[in-house]
Structure formats: C-alpha cells, structure tokens
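Dear colleague,

Please find the structure below, with its sequence. My notes on it follow directly after.

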Amino acid sequence: MSGARFSKQVFRTFLWQVRRELWEHRALWIAPLAVAAFATIVHLGTSLTASDAGRAAVLADPARARELVIHYHAMTGATVIAGLLVGVLYSLDALQGERRDRSILFWKSLPVSDRMTVLSKAAVPLVVGPLIVFPIVVVASLAMMGLQSLIWTLDGADPRELWVRVNLPFLWTALLYGLPFMALWNAPLYAWMLLMSAWSRRMAFLWAAAPFAAVLMVEHLALHHTPSHWMLERRIAGGVLQPYSADGQGVVWIERLSDLDPLRLYSLPGLWAGVLLAAGLLWAAIRIRRARTPN
Amino acid sequence: MAVVEARNLRKTYRKTQALDGVDLSIGEGRIVGLLGPNGAGKSTALQAILGLVSHEGELRVLGRDPWRERGELMHEVCFIADVAVLPRWMRVSQTLDYMAGVHPRFDRARAEGFLARTTIRSDSRIRELSKGMVTQLHLALVMAVDARLLVLDEPTLGLDLLYRKQFFDALLSDYVDHSRTILLSTHDVHEIQHVLTDVIFLDRGRVALSASMEDIEARFVEVLTTDDRLAAARVLKPVAERRMFGRTSLLFDGEDRGRLAALGEVRSPSLADLFIALLGETGPREAAA
C-alpha cells in the first residue's frame with residue numbers, strides 16, 4: 001500500500017471505529033440532547049409564567065442582569081455535565097463490554113490494530129463528546145432565545161433588550177474556549193478509566209475508584225489530613241475553574257470576551273502533565289488489549 | 001512460501017502446557033483439519049496463529065509475526081472463532097456498512113448476494129437472529145472478504161445438522177479455490193472428512209499426526225481379523241488394536257495391503273477410526289484449555 005493510500009485508509013478506519021461506538025453507545029448523544037431539551041422546556045415554562053412587572057423590574061435594575069442569563073448558563077452547564085458523565089460511563093465499559101459479550105473476537109478478526117481500537121475509543125470522550133455537546137448547546141440556546149423572544153413580543157415587551165442582555169455569541173465562544181481544555185484536562189481520568197476497563201474482568205468502576213479510595217483512607221487515618229483529596233478535587237473542579245474563573249481560583253468568574261485568556265489556559269503545566277500521563281495510560285491499555293480474549 | 005509455518009511452538013497457561021513444541025507447515029490452497037480431543041491445544045494453536053495469544057517458539061503466518069502484526073495480518077486472514085461473537089446490538093446492515101468501511105478487501109455486493117439466499121433481514125438486530133442465522137451471517141461476511149487464509153475454530157458448534165451441512169456446502173461451493181487456504185478445527189470428524197486435503201492430529205499440545213489425505217489413505221490400513229489369526233497379525237506390529245463383535249480390529253501404518261489381506265478383512269479406516277485409534281487410548285487428560 002502506498003503512503004497516501006495507507007494513511008487515507010487509516011483515517012477511514014478511524015472514522016468507522018468512532019461511528020460504530022456511536023451506534024453501540026447511543027447515550028453519548030441522547031443524554032446531552034435530552035438534558036438540553038429538558039432545560040429548554042423548563043425555560044419555556046418559566047418564561048410563560050413570568051409576570052410583566054417582574055420582567056420590567058429585572059430590566060430596570062442592572063444589578064439583576066444575571067437573572068436573565070442564568071437559564072442559559074444552567075442549560076449549558078447541565079448539557080456539558082451530561083456529556084462528561086456519559087463519557088465516564090462509556091470509558092468504563094469501552095474495553096470491558098467487548099469481552100463480556102465476546103464480540104472482541106469479531107473486532108479482532110478485522111484489520112484494525114489494538115492501537116487504532118484503543119485510540120478511537122479514547123477519542124470518543126475526548127473529541128467526539130465535545131463535538132456533540134457544542135452544537136446541542138448552540139441549538140438549545142437559540143431555541144430558548146427564540147421562544148423567550150416570542151413570549152416577550154406577545155406580551156408587548158421589546159425582545160431586542162433580551163438579545164443585548166443575553167450575549168449568546170459570548171456564551172458560545174466561552175464554550176468553544178473551555179470544551180477542548182476540559183477534554184485535555186480530564187484526559188488522564190478518561191485514560192485511567194479506559195485502562196481499568198481493559199484490565200479488569202468486571203466492575204471497572206470499582207477498580208478505577210479503588211486506588212483513590214485506598215490512598216484517601218490511608219492518608220486520613222495515618223496523616224489526619226488528605227493531600228490527595230485536595231489534588232483530586234483540584235483536578236476534577238479544574239476543568240471548570242481554570243477556563244471560567246480568573247486565574248483558575250474560582251473566586252471571580254469571567255463575564256466578557258476580554259476575560260478569556262487562552263495563552264494562560266493552554267500553557268498550564270498541570271494540563272500538559274496530565275496529557276502526558278494520559279498518553280502513558282493509553283499505551284498501557286493498548287498493550288493489555290492486545291492480550292485480551294473473551295472473559 | 002508456506003501460509004503457516006511454526007517451529008517448536010509452545011504456550012503455557014500457568015501450570016498447563018497447552019502447546020508443547022508444535023511444528024506446522026501449511027501450504028497454499030490446502031484445507032487443513034486440526035483435530036484432537038478436548039484440551040489438546042487446538043484452540044490455543046489457532047489463537048496463536050491469529051495473534052490472539054502470545055507464544056514461544058517461531059511462528060510466521062503469511063510471512064508475519066501474528067502477535068506483533070495482527071492488525072496488518074487481518075487484511076489477508078479471516079477467522080470465525082468459536083460461535084456467536086458478532087455484536088448483539090448491531091443491525092445486519094450495520095455489519096455490512098462497517099465491514100465495507102474498515103476492510104479494504106471486503107466485497108459488499110458479494111456478502112449481500114450470500115445473504116439474499118438466507119431468510120436474514122438486513123434491518124434485524126443480531127440479537128433477534130437464531131444461532132444458525134448468526135453463523136450464516138458471519139460466514140457471509142467472511143466469504144465476502146478476499147482473504148488468503150480462513151481460520152475456523154469449531155464454526156458449527158451448537159448448530160443442528162441442517163445448518164452444519166449448509167455451512168460446509170456454502171464454504172466448498174463458493175469459497176474454495178486454489179489460492180485460498182482454510183484451517184479449521186472441529187469435533188465433528190465425520191462431517192469434514194470429505195472436505196479436507198490435510199489433517200493434523202493434536203494430542204496434549206503435540207502433533208500426533210500430520211499428513212495429507214492421500215498419505216493417510218496410502219499409509220493406514222485396518223484389518224478385521226479372527227482370533228486364530230490374531231497372533232500372526234500382531235507380529236506385523238499394529239499401531240492400535242480393539243475388540244469388536246468377537247473379532248479384533250488392528251490398525252497398521254505403512255504395511256503392505258496384500259500381506260494384510262491374508263490376515264482378514266482389509267479396509268481403509270475413516271478419520272474417526274484413526275482419531276480413536278491414535279488418540280483414544282492415551283489415558284486420562286488434563287481439563288480443557
């Protein structure tokens with residue numbers, strides 16, 4: 001096979017691998033979609049029941065501007081979290097389910113290497129997840145805005161005021177800014193879960209959580225303080241705190257485009273150390289998958 | 001170049017020696033039956049050839065090391081390992097889409113042609129199909145791949161007689177040609193006898209016999225003899241002996257047929273007879289590996 005044809009087939013195989021994961025794990029897109037749809041419906045309900053006087057009061061007081069935006073933030077946050085959670089469930093099952101149902105013998109009978117398999121499975125929470133969440137948030141926020149504008153218009157209020165107060169382009173930009181960061185920041189956690197999924201025969205979740213639980217317990221009993229707890233908390237919360245609060249401290253939240261600082265965000269040593277760790281964990285998962293046959 | 005070449009192939013699972021120095025050489029276009037009792041190492045040998053388990057000793061399949069190069073090897077090797085390994089959540093049409101996507105040598109129209117002869121609907125999920133239909137589907141997928149080596153590990157296990165017959169008929173009429181090599185393991189010695197060009201008997205991780213069907217035909221002779229001629233027959237050193245209906249059946253390896261005819265009724269043993277004669281009296285075995 002010539003070089004160009006070879007890499008074309010590699011890319012083609014990668015895309016089909018990802019597609020097949022989406023066939024098998026439909027929750028990957030159904031869950032964030034359902035959450036966004038639910039948030040949109042709740043928003044519609046509250047917009048319908050809001051009184052004219054209440055609306056006027058909010059518009060009159062600049063200090064209450066956040067009340068208009070809060071639904072949009074809540075919908076975005078809930079959808080992102082739904083995407084992260086299905087990514088976790090997916091990662092814990094991705095390399096174990098194929099052994100449980102013996103289908104690993106079918107997958108291994110095809111010209112798809114273990115490296116390709118593991119990397120395409122890792123790409124699902126790291127790349128495909130954000131690519132699913134982003135358009136869902138865009139569409140849901142537009143739907144929410146459209147419905148709310150319609151209600152305002154019917155009530156005789158000026159919807160243009162709404163579009164000024166709720167800055168959708170900023171919301172989308174901030175999401176584009178944070179989603180890749182979250183994926184990279186969480187990469188070692190996903191890679192760890194994939195590794196445990198490849199390694200353990202069953203209950204990958206317990207195996208994935210056990211070492212953390214053990215370390216926390218030992219520290220708590222022996223040292224009476226728990227540095228690992230602090231580190232774990234920083235890692236899990238960091239996905240949101242780093243992109244969306246000033247200096248990642250979680251005290252001052254970003255509010256405008258000029259608050260975004262991609263240079264600081266994407267040069268955090270903790271980010272790239274985690275990516276390096278994730279690469280090592282995935283390498284181990286590839287080695288383990290090579291030796292795996294059905295349970 | 002041999003399609004499969006193994007020298008002193010060994011595999012140990014904890015305390016069980018599954019393969020204990022196996023030498024194999026399988027040429028292009030052969031249809032080879034790998035036979036042996038449970039725990040003889042058939043599955044392990046096939047798994048090593050397919051790159052599913054690590055091994056010691058030398059092993060080349062189509063010139064590649066299967067353990068290190070499985071992904072590449074599977075361009076030219078197909079296998080049906082065990083039964084019912086197709087993902088149960090998948091739709092029949094999805095299996096075709098996916099195969100066409102990842103396998104450059106998969107001919108979708110050919111697979112659809114095979115499926116058209118069955119009652120399998122393309123919008124069915126695999127979990128809705130019967131065991132026999134799943135095997136038909138898997139065979140259709142595999143036969144639509146232009147592969148050089150097809151490996152089948154107990155492909156008809158658990159199927160009824162009708163499906164078993166269909167399976168081998170389809171394989172023979174639509175797949176076999178001189179450039180394709182088939183390696184298959186099975187318990188059903190009877191059913192595949194007429195299909196094979198070569199047999200390899202494995203026993204406790206070793207090759208007990210490796211020969212072409214012509215060789216076997218030429219070498220092995222079974223003689224049914226009466227008690228009065230038994231002593232004279234034993235002088236010729238039979239490789240196996242068993243009593244049946246007041247007479248004794250003796251198996252000879254490489255003995256002159258004319259000479260044996262004087263001792264009793266002479267016939268060519270079936271593969272099943274050979275299997276029992278050569279592997280049947282070797283004492284208790286380890287549990288299946």
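In chain B, Glu222(B) has Leu251(B) of strand 12 as its bridge partner. Strand 10 (residues 220-225) and strand 12 (residues 247-253) of chain B run antiparallel and are joined by 6 bridges. Strand 10 of chain B is also joined by 3 bridges to strand 13 (residues 265-267), again antiparallel, where Glu265(B) is the bridge partner of Leu224(B). Two strands pair if DSSP finds at least two bridges between them; strands (E, at least two residues) and helices (H or I, at least four) are DSSP runs, numbered from the N terminus.

Of the 6 residues of strand 10 of chain B, 5 are buried, so this strand is largely enclosed by the rest of the structure. A residue is buried if 20 or more other C-beta atoms, placed from the backbone, lie within 10 Å of its own. Buried residues account for 42% of the 289 residues in chain B.

Chain B as a whole has 11 helices and 13 strands. The C-alpha atoms of chain B fill a box of roughly 70 × 40 × 35 Å along the principal axes.

The contact between the chains takes 21 residues from chain A and 21 residues from chain B, two residues being in contact if their C-beta atoms, placed from the backbone, lie within 7 Å.

This is a predicted model: local features need pLDDT of at least 70 and side-chain atom pairs count only at pLDDT 80 or more, whereas totals for chains, interfaces and linings use all residues. Residues are numbered from 1 along each chain as its sequence is written, and chains are lettered from A and ligands numbered from 1 in the order in which they are written.

With kind regards

Definitions and conventions. A residue is buried if 20 or more other C-beta atoms lie within 10 Å of its own, exposed if 12 or fewer, and partly exposed in between; C-beta atoms are placed from the backbone.
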